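Here is a protein to look over before you read the briefing. Keep the structure in view and find each residue as it is named.

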Amino acid sequence: MLKLYSYNTFNLGDDIQTLAVMQHGVCDGFIERDLIGYHTEKSPVRMILFGWHMNDILCWLRTQYRFQLLTRATRLLARLVPRRFRHYLYAWPPSADIEPLLISMHCTKAFQEAMSPASIAYFKKHQPVGCRDLLTQDFFEKNGVEAYFSGCLTLTLKKENFAAPRFSPNEKPRIYLVDIPGCETKEDTLFKSLPACIREYAEFLTHATKLTDLKQRHDAARQLLARYTDADLVITSRLHCALPCVAFGTPVLFFHGNLADSRFAGLLDHVHHHPMDAFTQVLHGFDLSNIPANPPRPEALIQRLEHSCRAFASA
């Protein structure tokens, strides 16, 4: 029996990662990521553990009741807990009933700081740990855990699994602006600064969600991916928009206010990336007849991810 993560977050990027993993084996059920340490099974299950780790119980309560405005308050409250007790805020490690494949994992700084000896022992027991970014790999190696850079599972997304029927060549270009801060409506000053060729055809998409039903979340994530498969250009600040576009071969430009964010270490080589404050400058004079192709796909990385997941799922 194989189970995967489900989420109760405000971000469909989490669900896009789950859809990527579902390509590589039959999924028999889901366990909510931020409650995994409280979950027990009547019989052993196999589970692929991946992605962003993880929300503490205070953040989980915030998302459970959709109190998005309390984000800073819950983070501050967690910081007030003495470091030696912070591991009690996390539902980690998972129970012994779960046999894991640890792959494409990102550990936040808060999660790292709260990690208990029992958590480190868990990772050592199930090493090697495939890390989504280089800084997570560095953390594990410094703590004596065998680790390697796996990259992100969204790089394994297959275009044919999500593509909608190809639109007519006579249709207008499909350009998507996905969660660009300050460029979310046609009335925004940043949008008005874009070249006319982008303004004319641009549509706005978002990964933000208030959905809680698992099927509805997966359906919404699939709809986003379908659009990305057939786009002429995607401009985004979302990692799990940019990397699926790389996987699909869709031209994508990634802008972010902090390119030094630990989540991105090792991944930015595979996507055209720019600081957010260069948004207008980079797109000035943009020519839709000469859209830059993405950097080469990391094929060796993708093949290793696919092989690891399929071998685990079929064992």
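In H1, the residues Gly13, Asp14, Asp15, Ile16, Gln17, Thr18, Leu19, Ala20 and Val21 are buried. Buried means under 20% relative accessible area, exposed means over 50%, and partly exposed lies in between (1.4 Å probe, protein chains only). This is a predicted model: local features need pLDDT of at least 70, side-chain atom pairs count only at pLDDT 80 or more, and totals for chains, interfaces and linings use all residues. Residues are numbered from 1 along each chain as its sequence is written, and side-chain values use heavy atoms, with hydrogens and water left out.

- Nine of the 10 residues of H1 are buried, so this helix is largely enclosed by the rest of the structure.
- The buried residues of H1 pack against strand E1 (2-6), strand E2 (30-32), strand E3 (45-53), H9 and H10. Helices (H or I, at least four residues) and strands (E, at least two) are DSSP runs, numbered from the N terminus.
- How do H1 and H9 cross, and at what angle? Helix H1 (residues 13-22) and helix H9 (residues 214-229) pack at about 85°, and their axes are 9 Å apart. Axes are lines fitted to C-alpha atoms, for helices over the stretch in contact, and angles run from 0 to 180 degrees between N-to-C directions.
- That makes H1 roughly perpendicular to H9. Angles of 65 to 115 degrees count as roughly perpendicular, under 35 as roughly parallel, over 145 as roughly antiparallel, and the rest as oblique.
- On the H1 side of this contact are Asp15, Ile16, Thr18, Leu19 and Met22. They meet Arg217, His218, Ala221, Arg222 and Leu225 in H9. Contact means heavy atoms within 4.5 Å.
- The residues of this contact divide into five nonpolar, two polar and three charged. Here Ala, Val, Leu, Ile, Met, Phe, Trp, Tyr, Cys and Pro count as nonpolar, Asp, Glu, Lys and Arg as charged, and the others, Gly among them, as polar.

**The whole protein**

- The protein has 12 helices and 11 strands.
- Of its 315 residues, 52% count as buried.
- Take the contacts between residues at least 6 apart in sequence: 69% of them join residues at least 24 apart.
- The accessible surface comes to about 14700 Å², and 53% of it belongs to carbon and sulfur atoms. Such areas come from the Shrake-Rupley method with a 1.4 Å probe; for residues, only the protein chains shown count as cover.

**Nonpolar cores**

- In soluble globular proteins, nonpolar side chains tend to be buried together.
- A nonpolar core is a set of buried Ala, Val, Leu, Ile, Met, Phe, Trp, Tyr and Cys residues joined through side-chain atoms within 4.5 Å.
- The largest nonpolar core has 39 residues. Ile36, Ile48, Trp92, Phe123, Val129 and Phe140 have the most contacts inside it.
- Strand E4 (residues 98-107) gives the largest share of this core, six residues.
- Which residues does Ile36 touch, leaving aside its neighbours within four places in sequence? Among them are Tyr5, Ile31, Met47, Leu49, Trp92 and Ile98.

**Leu239 in helix H10**

- Leu239 lies in helix H10 (residues 239-248).
- Leu239 is buried, with a relative accessible area of 8%.
- Neighbours within four places in sequence aside, Leu239 is in contact with Arg132, Pro244, Phe254, Arg263, Phe264 and Leu267.
- Leu239 and Leu267 are 28 residues apart along the chain, and their C-alpha atoms are separated by 9.2 Å.

**Backbone details**

- A cis peptide bond joins Gln127 and Pro128, with omega about 5°. Pro128 lies in the loop between helix H5 (117-125) and strand E5 (129-131).
- Ser104 is not a glycine, but has a positive phi of about 55°. Ser104 is found in strand E4, and counts as buried at 1% relative accessibility.
- Asp179 is not a glycine, but has a positive phi of about 55°. Asp179 lies in the loop between strand E7 (175-178) and helix H7 (189-192). Is Asp179 buried or exposed? Asp179 is buried, with a relative accessible area of 13%.
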